[in-house]
Amino acid sequence: MKILFIGGTGNLSTDCAELLHHRGHKIIVLTRGHSLTPPEYHAVRADRKDAAAMRAALCNQMPDVVINFLGYEPADVQLDHALFAGEVHQYVFISTAAAYAKPPPRLPITEETPLGNPFWDYAQKKEQCENWLLGQWRASRFPVTIVRPSHTYSPRWFPNLVSSSSYTLAARLEAGKPVFVPGDGENPWTLTASSDFAVGLAGLIGNDGAIGEAFHITSDEALTWNQIYAETAAALGVDPPRILKIPVEFICQHCPRLTGTVKGDKANPAIFDNSKTKRFVPEFQCRKSFRDGIRESVEWFRQHPDRKVVSPEADAAFDQVTAAWLAQGGR
Ligand SMILES: NC(=O)c1ccc[n+]([C@@H]2O[C@H](COP(=O)([O-])OP(=O)(O)OC[C@H]3O[C@@H](n4cnc5c(N)ncnc54)[C@H](OP(=O)(O)O)[C@@H]3O)[C@@H](O)[C@H]2O)c1
């Protein structure tokens, strides 16, 4: 099949494109061309927000399947619908597990768990995209499959509460600077390796039964934030790490921009039942433990020291919250 990735060079999508390529599919990757597209794929350049540029870039490239990794608001998926309705066999929308109700009414979270995140506009807009697309499926059989990743990391990421895509958490731990977990740090949280996510996603591609359906694709391993940071520190060789336990409301009060990602996501318990995905994709099994995955991240950064970039915004957020907590006598 000819598979178009809108995105395709990112944290999740890189492994997905690679696996589908290995399975013999022709891969088309649409980006703006700032990132490197592997030479074995067909690279298409356009800003996905620019309807005319998207049309021009794809005029001779109509795929069998589209996987949209860059859909953040209804206008994005409405443009895709205008481009691909009646043309493609399947359109996969990469949504997010953050769209599930927060806090979840019960655990584990299944695809039947209601959506509705009152704290995070990112998740609210993903839900709006899902609803709009499922409306098109019901009205005119637009062949959508919804996929909801939870917190998913590649070896180029260090999962944390503030900024997983930079080296900030690792740099702070290595420098002996404080980081924080929400509350007592004991809420269970699920982290999925992108190589495992890719197996679940690939199995849904060209899978007729998956059309009109929603799936999450996550690990079955849930760790507490205390365990996640302890594993990260151990992988980095930092002993002891400086980890503060800070109430969620205090974090949000002192760094309001973290409200969505902390109160609206990572401070909530997240344990997933993946039996629906396993039913549709029998080969899907998460094989990588976080202990192994985070060691791969450490190793990757040791081999790419130029990529050890600290995000000034993320570092400032850690500083803002931890300094305020320590100033009022917190430990
Ligand atoms: N990681 C998680 O924990 C997680 C959890 C839930 C959901 N998700 C979802 O996963 C998706 C992100 O996947 P990903 O991290 O693998 O990234 P991705 O889709 O591959 O996107 C990153 C690539 O897209 C290109 N790009 C960015 N803006 C663009 C634009 N306006 N037009 C064209 N290309 C553009 C960039 O390349 P250029 O710079 O070359 O353009 C970049 O390398 C999002 O939908 C997110 O909501 C992620």
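Helices (H or I, at least four residues) and strands (E, at least two) are DSSP runs, numbered from the N terminus. The structure is a predicted model, in which local features need pLDDT of at least 70, side-chain atom pairs count only at pLDDT 80 or more, and totals for chains, interfaces and linings use all residues. Residues are numbered from 1 along each chain as its sequence is written.

The score pLDDT is the predictor's confidence in each residue, from 0 to 100. The mean pLDDT of the protein is 97. A value of 70 or more is reached by 100% of its residues. Confidence is lowest in helix α2 (residues 51–58), with a mean of 95. It is highest in strand β5 (residues 90–94), at 99.

The protein is divided into two parts, with bounds that come from an automatic or database domain assignment. Domain 1 covers 2–152 + 192–217, and domain 2 covers 156–190 + 220–270 + 289–327. Their centres, taken over C-alpha atoms, are 27 Å apart. Domain 1 brings 17 residues to the contact and domain 2 brings 15. Here, two residues are in contact if their C-beta atoms, placed from the backbone, lie within 7 Å. On the side of domain 1 that touches domain 2, α4 (121–140) and β10 (192–193) each supply at least two residues. The largest share, 3 residues, comes from α4. By class, this side of domain 1 has 10 nonpolar, 5 polar and 2 charged residues. In this scheme Ala, Val, Leu, Ile, Met, Phe, Trp, Tyr, Cys and Pro count as nonpolar, Asp, Glu, Lys and Arg as charged, and the others, Gly among them, as polar.

The interior was examined next. A residue is buried if 20 or more other C-beta atoms lie within 10 Å of its own, exposed if 12 or fewer, and partly exposed in between, with C-beta atoms placed from the backbone. A nonpolar core is a set of buried Ala, Val, Leu, Ile, Met, Phe, Trp, Tyr and Cys residues joined through C-beta atoms within 7 Å. The largest such core holds 44 residues. Within it, A170, I251 and V321 touch the most other members. Two or more residues each come from α5 (168–175), β8 (179–182), α7 (225–236), α8 (248–254), α11 (290–303) and α12 (312–327). Helix α7 gives the most, with 6 residues. Both domain 1 and domain 2 give residues to this core, so it lies between them. Not counting residues up to four places away in sequence, A170 touches F158, L236 and F301. A second, separate core has 43 residues, among them C16, V147, A210 and F215.

A170 belongs to the buried residues of α5, along with T168, L169, R172 and L173. These buried residues pack against β8, α7, α11 and α12. Just after α5, G176 takes a positive phi of about 75°.

Helix α1 (residues 13–22) buries S13, T14, D15, C16, A17 and L20. Their cover includes β1 (2–6), β2 (26–31) and α6 (194–204). After α1 comes G24, with a positive phi near 100°.

I3 lies in strand β1. This residue counts as buried because 27 other C-beta atoms lie within 10 Å. Leaving aside neighbours within four places in sequence, I3 is in contact with residues including L20, I28, V65 and I205. I3 and Q128 are 125 residues apart along the chain, and 25 Å separate their C-alpha atoms.

Several backbone features stand out from a general rule. Most residues other than glycine have a negative phi, and most peptide bonds are trans. A cis peptide bond joins K102 and P103, with omega about -10°. P103 lies in the loop between β5 and α4. The bond from D239 to P240 is also cis, with omega near 0°. P240 is found in the loop between α7 and β13 (243–246). R141, which is not a glycine, has a positive phi near 60°. R141 sits in the loop between α4 and β6 (144–149). R141 is exposed, with 12 other C-beta atoms within 10 Å.

Finally, 22 residues surround the ligand. A residue is near a molecule or strand if its C-beta atom, placed from the backbone, lies within 6 Å of it. The closest are G7, G10, R32, H34 and F69. The shell divides into 5 nonpolar, 13 polar and 4 charged residues.
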